[in-house]
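Have the model open as you read.

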Amino acid sequence: MHGGSTAFAPGVTPPLDDSCTDAAVRVTSVAMDIAFTPEEERFRAEARAWLAAHAPMSEPPEHDLAARRAFDLVWQRTLFDAGYAGISWPKEYGGRGASLMEQLIWYEEFARSGAHDPSTLFVGLNHGGPTLIACGSEEQKAFHLPKILRGEVVWCQGFSEPGAGSDLAGLSTRAVIDGDDLVVTGQKIWTSFAQIADYQELLVRTDPDAPKHKGITWVICPMGLPGMEIREIKTMAGGSDFCEVFYDEVRIPRANIVGKLNDGWNVAMSTLSFERGTAFLSEQVRLTRLVDQLIDVARHTPAGDVPSAPASALADDEIARRLALLRAEVEALRSMTYRSVSRTARTGVPSAEASLIRLFFSELQQRVFALATEVLGPQVLAWDAKGSPARVTARHAGAPSWVSHWLLAFSSTIAAGSKDIQRNIIGDRILGLPR
Amino acid sequence: MDLMPTPEQDAIRDSVRTFLETELPMSQVRTLLGAPTAAYAELWRRAAALGFFALGLPEALGGAGYALTEEMVLFEELGRALAPGPWLGTVLAAHALARGGAEARGPLAAVVAGELRAAACIDPWGGPLERRGDRVSGTRRAVLGAGLAEGFVVVDDAAVLFVPRGDAVAVQAVPSLDATNPIGTVAFHDASCLVVGRDVASAAALRRAAAVLSCADAVGGIARTVEMSVAYAKVRHQFGKPIGSFQAVKHRCADMAVRAEVARSATTYATVSVRDGAVDADFQAAVAKVLAADAYLRNSADNVQNHGGMGFTWECDAHLYVKRARAFDATLGSRRTQLDALVARLRSA
């Protein structure tokens, strides 16, 4: 024994083995670990088996919103009946109350199964519902949470305005108290699924004289109230998922205020911190699957339109290296996600580092779809916005849905905090740089 | 599953960082660059007293009984401090000798005591080696830390050798881009050696350990480039404001932080995979190298940029990280080499 060996004495004596392999000298108690517990593996097996048996493998048409709503609500009801709805929601509100590790496993298995992602329900399940759980009254929770979980309602978001995008706190839609009502006048924009939604989480200015963060109120707005007008916005991807919503003296009951009057900024921040916690886990896991699908497409797609071109896009060295880099990057995305989940599991709160993952993910997703358009070559030219399915499901789904998703991915560095705002957040909050 | 550091790893990190801040502040790092071998002897003994070289060895062999994941923490700190000398070679020598027979116990004890610095000859540059029994002949070029070493771990296709430096070993130091990792040419002329690994698996195990621990060194350096840039951006004023308040600088720092997290996550995952003998350990190690090399090269360059004119000077430490990043990429299978290995994997799947 040398003097130094006592300096780093471990708390646990590891098993010794003459072969002295790396595994044999591994510390067995508390160690960095990529393996899941037997209970967690059991949950994985259950989830995998259930998804294989019950997940819908078809997709509703991307641009038929009524069909997407109906499809998503049925799928959500199926999940609810099997006990897989609201995987992250507490049990007392009807959720599964799954641990962070189980949530991670669920999202991994969900992505692996290729099951349809009910994106029209995202706001209800990941914004509205969790906000009510955190800040809502007992009546609000009792009325709304079961409807969201059971797949009975669609929620949309009313945060952004023409003059309040990255500077959300600068919003100017007014609400004046009149008896038991809030009377709302103004305009919201970029409201996904407003035309098929039942409720909207709405931010309104209730005190124009207070500092801008202090005069905002978070309110549940039933869609279709008198004075509301919805106009669809056609996007560069050809669809009209999102809308402008106009309010002309719309009367919303005061009982629909969530949290306190003028405390809506704090209520909204609880939503947004949730959004940057686990809500994006699903699409992060899904991206790995997409890269594997793209590699498969490259294997079966001719490399070019000249006789000397390699046999397939994958045989082209430049394309192949870029695919390999993307494969490495989605692998790192998983490692980052595991680190983030590990950190959150210890602290109990979403970590600021989630902004790092969010930024990396949003740009990586764009690189994946941009490379897809190169792999596909001239096939990208024939594209019918109305004809493509909602999601890339398999190689045989063909070029149109890759093209649609390449176009849709332009929004991934704009929505939910532009990449510029994400970099500000990283600079200000994680690195502590001066504002 | 848990990829955050354990309390014990935090304690190791604190202890190593304190040691390095005391023994190897940047002024001392610069003193050691180009210093004669003797200057390293005392440093090595003090590091040994803290257990640097025995961290991953079983207690029966005088080690601390930890594993590759704890050595990863050590190398992150060595990389962060730009510690000069053949640290990786010496730790790999401990790994290799621990797998040897009774005749390896003597040199192992010397390595653990900090009395024997070793360099690793893993990259195949210099042509084939010829081995007859316990004699080896051949040349290895661009061996990191060769001139400072008293022994050599030689990894061939299906063997791991330990060659003590003696009359039959000629070492020619070469002026080096990365002065913290000075290279040399090592020529073995029928030199006597210990054969401490006799199969493909033992050679592969040492390569994997070298791969992930070199990535850990890079992770430490990458993190340090972020720290340096952020610290400078807070105090350097232009136009009446700290330059870190300008989005051009702030966003560059944010991108550096993202790359640091990418490299650290990939390296951590790869290290655990190698430690546990996971089936995809080689794949994970290649992923870590590709991303850590990219992050180190880009972060070290951005760090020069963030320091402006000062960043271009010899006096500023930023260039030392640029050069260590280049040495990292160039050795143990470059980013490009690893990417091609990943390509081969995609094509054969």
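Q: Where does Ala142(B) sit, and what makes its backbone stand out?
A: Ala142(B) is in strand E3 (residues 135–144) of chain B, where strands (E, at least two residues) and helices (H or I, at least four) are DSSP runs numbered from the N terminus. Its phi is positive, about 50°, although Ala142(B) is not a glycine. One thing to keep in mind throughout: this is a predicted model, so local features need pLDDT of at least 70 and side-chain atom pairs count only at pLDDT 80 or more, while totals for chains, interfaces and linings use all residues. Residues are numbered from 1 along each chain as its sequence is written, and chains are lettered from A and ligands numbered from 1 in the order in which they are written.

Q: Why is Ala142(B) called partly exposed?
A: Count C-beta atoms, placed from the backbone: 20 or more others within 10 Å means buried, 12 or fewer means exposed, and in between is partly exposed. Ala142(B) has 19 C-beta neighbours inside 10 Å, so it counts as partly exposed.

Q: Which residue of chain A has a positive phi although it is not a glycine, and why is it called partly exposed?
A: That's Ala416(A), with a phi of about 55°. It lies in the loop between helix H10 (399–408) and H11 of chain A. Ala416(A) has 18 other C-beta atoms within 10 Å, so the label is partly exposed.

Q: How do you know that Val123(A) is buried?
A: Val123(A), in helix H4 (residues 122–135) of chain A, has 25 other C-beta atoms within 10 Å, so it is buried. Not counting residues up to four places away in sequence, Val123(A) touches Gly128(A), Trp155(A), Cys156(A), Gln157(A) and Glu201(A); touching here means C-beta atoms within 7 Å.

Q: What makes Ile34(A) partly exposed, and which residues is it in contact with?
A: Ile34(A) is found in the segment before helix H1 (38–54) of chain A. It has 17 C-beta neighbours inside 10 Å, so it counts as partly exposed. Leaving aside neighbours within four places in sequence, Ile34(A) is in contact with Met1(B), Tyr269(B), Val272(B) and Ser273(B). Within its own chain, Ile34(A) is 304 residues from Tyr338(A) in sequence, yet their C-alpha atoms are 8.5 Å apart.

Q: How many residues does each chain bring to the contact between A and B, and which helix of chain A gives the most?
A: Chain A brings 59 residues and chain B brings 63. On chain A's side, H8(A) gives the most, with 16 residues. That side divides into 36 nonpolar, eleven polar and twelve charged residues. For these classes, Ala, Val, Leu, Ile, Met, Phe, Trp, Tyr, Cys and Pro are nonpolar, Asp, Glu, Lys and Arg are charged, and the others, Gly among them, are polar.

Q: Why is H8(A) called roughly perpendicular to helix H12 (residues 335–348) of chain B?
A: The two pack at an angle of about 95°, with their axes 9 Å apart. Axes are lines fitted to C-alpha atoms, for helices over the stretch in contact, and angles run from 0 to 180 degrees between N-to-C directions. Under 35 degrees is roughly parallel, over 145 roughly antiparallel, 65 to 115 roughly perpendicular, and the rest oblique. So H8(A) is roughly perpendicular to H12(B). Their contact has nine nonpolar, no polar and three charged residues, including Leu323(A) and Leu342(B).

Q: What makes H7(B) and H9(B) roughly parallel?
A: The axes of H7 (residues 200–235) and H9 (residues 281–306) of chain B cross at roughly 25° and come within 9 Å. H7(B) and H9(B) are therefore roughly parallel to each other. By class, their contact has 16 nonpolar, seven polar and four charged residues.

Key. Two residues are in contact if their C-beta atoms, placed from the backbone, lie within 7 Å.
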